[in-house]
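Trainee: I have a model open and would like to go through it with you. Could we start with the strands and then move on to the helices and the core?

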Amino acid sequence: MAVAREWKHASGSCGHRRADGRTHNALIPFADGSYVELIAFHGGVDARDHQWWQSACAGGGLTDWAVGTGALASHVKQLQVAGLPYAEPRDGGRLRPDGARLEWKVAGAPPGDGLPFLIEDVTPRSLRVPSGAAAVHANDVQEVQSLIVAVADLDAAAPQYAKLFDAAASDRSQDPLLAADSVTVPCGSARVMLTSSGAGPIHDRLAGLGAGPYALLLGTRFEGTGWLDPDLTGGVPIRLQPVV
């Protein structure tokens with residue numbers, strides 16, 4: 001399965017109007033084809049039924065993530081047979097500032113396990129995701145190395161993610177960066193790190209918003225590495241790591 005990593009960040013002010021008319025967005029693309037998407041709700045919009053509304057009202061942060069696929073309908077059928085609770089695909093899209101309409105299809109799973117939604121581009125992905133000069137950054141970030149996902153039950157979540165990515169999950173171990181137990185599952189050229197904790201910020205994330213994306217590890221060629229200032233990341237834990 002060819003995958004692309006796509007994450008949503010419900011915070012900030014940004015530019016492209018989405019087809020639902022309630023949100024607008026901007027992308028931070030990286031050289032490996034992955035990106036961070038900034039999502040904001042338009043002022044005066046009542047979007048309490050929106051899946052990202054609770055996170056935005058809580059101050060923003062990493063709130064959702066997606067895995068790209070080239071054959072969404074058949075992929076969803078395979079996952080349903082494997083016991084993963086994915087719904088049938090539905091249409092999505094937005095308008096670019098130049099008036100071009102972008103279209104895609106998505107399929108989601110119920111909240112609870114932090115599972116990603118799946119996306120298939122209908123219009124060319126190159127129209128939706130910038131590349132070239134747009135993917136060049138002052139801190140020389142090249143890629144998403146890891147997405148850290150907080151889950152309530154690590155032992156129950158690991159088999160689900162192994163089925164999702166058709167890959168073997170690592171053994172459970174203590175991660176020194178997170179000071180919490182974790183399990184790693186490959187996701188294309190990156191990896192998903194599942195983590196759970198009975199105390200601290202990971203626990204707070206679970207208690208406030210439930211399972212879902214918690215932190216990003218980004219690969220850079222820049223000499224300065226380590227955790228970024230949370231005041232500059234909207235409170236999202238983001239760490240720069242050397243490109244291997």
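Trainee: Which residue is the bridge partner of Cys187 in β12?

Mentor: Cys187 has Ala190 of β12 as its bridge partner. Before we go on, note that this is a predicted model, in which local features need pLDDT of at least 70 and side-chain atom pairs count only at pLDDT 80 or more, while totals for chains, interfaces and linings use all residues. Residues are numbered from 1 along each chain as its sequence is written, and side-chain values use heavy atoms, with hydrogens and water left out.

Trainee: How many bridges pair β11 with β12, and in which sense?

Mentor: Strand β11 (residues 180–187) and strand β12 (residues 190–196) are paired over seven bridges in the antiparallel sense. Strands here are DSSP runs of E of at least two residues, helices are runs of H or I of at least four, and both are numbered from the N terminus; two strands pair if DSSP finds at least two bridges between them.

Trainee: What is the strand order of the open sheet?

Mentor: The order is β10-β11-β12-β9-β13-β15-β14, an open sheet of seven strands with mixed pairing. Its edge strands, each pairing on one side only, are β10 (173–175) and β14 (226–227).

Trainee: Which strands of the sheet does α4 touch?

Mentor: Helix α4 packs on the sheet against β9 (141–150), β11 and β12, and its direction makes about 10° with that of β11. Such angles run from 0 to 180 degrees between N-to-C directions, with axes fitted to C-alpha atoms, for helices over the stretch in contact. Helix α5 (residues 200–209) also packs on the sheet, touching β9, β11, β12 and β13 (212–220), and its direction makes about 135° with that of β13.

Trainee: Staying with α5, which of its residues are buried?

Mentor: Ile202, Arg205 and Leu206 are buried in α5, where buried means under 20% relative accessible area, exposed over 50% and partly exposed in between, with a 1.4 Å probe and protein chains only. Because they cover an arc of only 95° around the axis, they lie on the same side of α5; the arc is that of the directions from the helix axis to the C-beta atoms. The face turned away from the buried side of α5 carries Pro201, Asp204 and Ala207, which are exposed.

Trainee: And what about α2, which residues are buried there?

Mentor: In α2 (residues 72–81) the buried residues are Leu72, His75, Val76 and Leu79. They are on the same side of α2 because their arc around the axis is only 100°. Gln78 and Val81, on the other side of α2, are exposed, and Gly83, which follows α2, has a positive phi near 95°.

Trainee: Changing topic, which residues have the most contacts inside the largest nonpolar core?

Mentor: Tyr161, Phe165 and Leu194 do, in a core of 34 residues. A nonpolar core is a set of buried Ala, Val, Leu, Ile, Met, Phe, Trp, Tyr and Cys residues joined through side-chain atoms within 4.5 Å. The most is given to this core by α4, with six residues.

Trainee: What is Tyr161 in contact with, leaving aside its neighbours within four places in sequence?

Mentor: Its contacts, meaning heavy atoms within 4.5 Å, include Trp65, Leu115, Val149, Val185 and Leu194. There is also a second, separate core of 11 residues, with Ile148, Leu178, Ala180 and Ile202 among them.
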